[in-house]
Amino acid sequence: MAIGVALNASDADNEIDATVALAREAADAGLRSAWFGQRFGVDSPALAGIVGREVPGLQVGTSAVPIFGRHPLLVSSQAQTAQAATHGRYHLGLALGAQHLVEGGFGIPFERPIARLREFLTALRQLTETGTADFHGELLTATTPIPARVPGAEGGVPLLVAAMGPQALRVSGELADGILPYLAGPRALADHIVPAVTAAAEAAGRPAPRIVALVNGVVTDDVETVRERVAERLAFYEKIPSYIRAIGLSGGRRALDVAVVGDEKAVAAEVRRYRDAGATEVVFAGTEVAGDADRRRTWALLGELAG
């Protein structure tokens with residue numbers, strides 16, 4: 001099972017330089033991939049392209065770019081550019097996004113998200129695979145009066161969706177290459193998420209989907225202090241219905257309940273639980289929350305497990 005890490009250098013003096021340095025350290029630790037979130041700051045596909053260019057051999061991905069406020073033509077350009085820059089090591093993650101951020105930030109209504117996801121994926125697949133599109137949907141139109149191909153990205157771009165709800169999982173199984181569940185523990189994966197997306201892919205005649213599970217986790221001896229920090233950081237997600245549902249299906253009440261904090265033995269056991277629940281890849285997020293020493297300790301364990 002491939003193991004990666006989500007990188008966060010947003011507190012650095014120069015986020016790009018610091019992220020590249022972290023990515024080199026992750027690769028040296030034996031980690032297979034580095035992933036970057038998308039908010040209102042750094043452009044994650046651009047960052048992934050830079051990191052992939054600077055750190056050869058490391059897979060890079062975004063987790064995940066919200067589709068509201070964006071158009072498939074522009075996202076395709078970003079993704080193909082990153083793919084060409086990394087010579088085929090870029091993975092594009094998409095998300096519906098949070099209603100209050102979409103409406104508050106972009107000033108657009110968060111309406112018919114599943115229908116928009118279906119149309120977005122359909123148009124984006126055409127663009128990333130062929131460099132052309134002639135898509136006319138209810139919510140989106142994407143056509144290419146001039147070519148939209150990026151030389152060097154001919155192999156296409158893997159499309160993943162941060163899907164956890166039944167409808168999003170069905171669309172992802174039919175149209176995407178995999179999913180990026182977050183705050184979904186092994187129980188939610190095994191009993192609900194993996195069966196749903198796998199059945200949808202099979203019905204659509206597509207290959208078995210990738211299940212890239214994003215897990216908040218840290219190896220540490222100061223478990224209680226670190227758990228308090230993790231709880232503070234994850235409280236934001238406890239206001240978003242999709243995450244609340246995933247946490248509940250995992251047997252938890254708070255986001256902290258699906259975090260992995262403990263010594264090497266405890267964290268390794270949880271990684272195995274995710275594998276047994278159907279995860280094809282595990283990406284640890286928030287490893288920086290306890291400081292550099294515990295981050296490096298976490299990465300050392302994950303690198304061993306990846307090997």
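**Close-up views of a predicted model**

**View 1. Packing of helix α1 with helix α11.** Helix α1, made of residues 15-28, packs with helix α11, residues 292-306, at an angle of about 40°, and their axes are 9 Å apart. The two helices are therefore oblique to each other, since an angle must be under 35 degrees to count as roughly parallel. On the α1 side the contact is made by Leu22, Glu25 and Ala26, and on the α11 side by Arg295, Arg296 and Trp299.

View 2. An unreviewed UniProt entry lists residues 12-280 as "domain: Luciferase-like". In the model, 48% of this span is helix and 15% is strand.

**View 3. Packing of helix α5 with helix α6.** Helix α5 (residues 113-130) and helix α6 pack at an angle of about 15°, and the distance between their axes is 10 Å. This angle makes α5 roughly parallel to α6. The crossing of α5 and α6 is right-handed. From α5, the residues Ile114, Leu117, Arg118, Leu121, Thr122 and Arg125 take part in the contact; they meet Gln167, Ala168, Val171, Glu174 and Leu175 of α6. By class, the contact of α5 with α6 holds 6 nonpolar, 2 polar and 3 charged residues.

**View 4. Packing of helix α6 with helix α7.** Helix α6 comprises residues 166-175 and helix α7 comprises residues 186-203. The pair packs at an angle of about 45°, with axes 7 Å apart. That angle makes α6 oblique to α7. The crossing of α6 and α7 is right-handed. In α6, the residues Leu169, Arg170, Ser172, Gly173 and Glu174 form one side of the contact, and they meet His192, Ile193, Ala196, Val197, Ala200 and Ala201 in α7. The residues in the contact of α6 with α7 fall into 6 nonpolar, 3 polar and 2 charged.

**View 5. An aromatic pair.** The model contains 6 aromatic pairs. One of them is formed by phenylalanine 40 and phenylalanine 106, whose ring centres are 5.8 Å apart. The planes of the two rings stand at 85° to each other, and the pair is edge-to-face. Phenylalanine 40 is found in the loop between β2 (33-36) and α2 (44-54), whereas phenylalanine 106 belongs to helix α4 (residues 99-106). The pair thus links distant parts of the chain, as its two residues are 66 residues apart.

**View 6. A cis peptide bond.** The peptide bond that runs from serine 63 to alanine 64 is cis, and its omega is near 0°. Alanine 64 is situated in the loop between β3 (59-62) and β4 (65-66).

**View 7. A residue with positive phi.** Histidine 87 has a phi near 55°, which is a positive value in a residue other than glycine. Histidine 87 is placed in the loop between α3 (72-86) and β5 (90-95).

Conventions
Residues are numbered from 1 along each chain as its sequence is written. This is a predicted model: local features need pLDDT of at least 70, side-chain atom pairs count only at pLDDT 80 or more; totals for chains, interfaces and linings use all residues. Side-chain values use heavy atoms; hydrogens and water are left out. UniProt positions are given in the numbering used here, feature names are shortened, and annotations may be inferred rather than shown by experiment. Helices (H or I, at least four residues) and strands (E, at least two) are DSSP runs, numbered from the N terminus. Axes are lines fitted to C-alpha atoms, for helices over the stretch in contact, and angles run from 0 to 180 degrees between N-to-C directions. Angles under 35 degrees count as roughly parallel, over 145 as roughly antiparallel, 65 to 115 as roughly perpendicular and the rest as oblique. Contact means heavy atoms within 4.5 Å. A crossing is left-handed if the near helix is turned anticlockwise from the far one by less than a right angle, and right-handed if clockwise. Ala, Val, Leu, Ile, Met, Phe, Trp, Tyr, Cys and Pro count as nonpolar, Asp, Glu, Lys and Arg as charged, and the others, Gly among them, as polar. Rings of Phe, Tyr and Trp (its six-membered ring) pair if their centres lie within 6.5 Å; planes under 30 degrees apart count as stacked, over 60 as edge-to-face and the rest as tilted.
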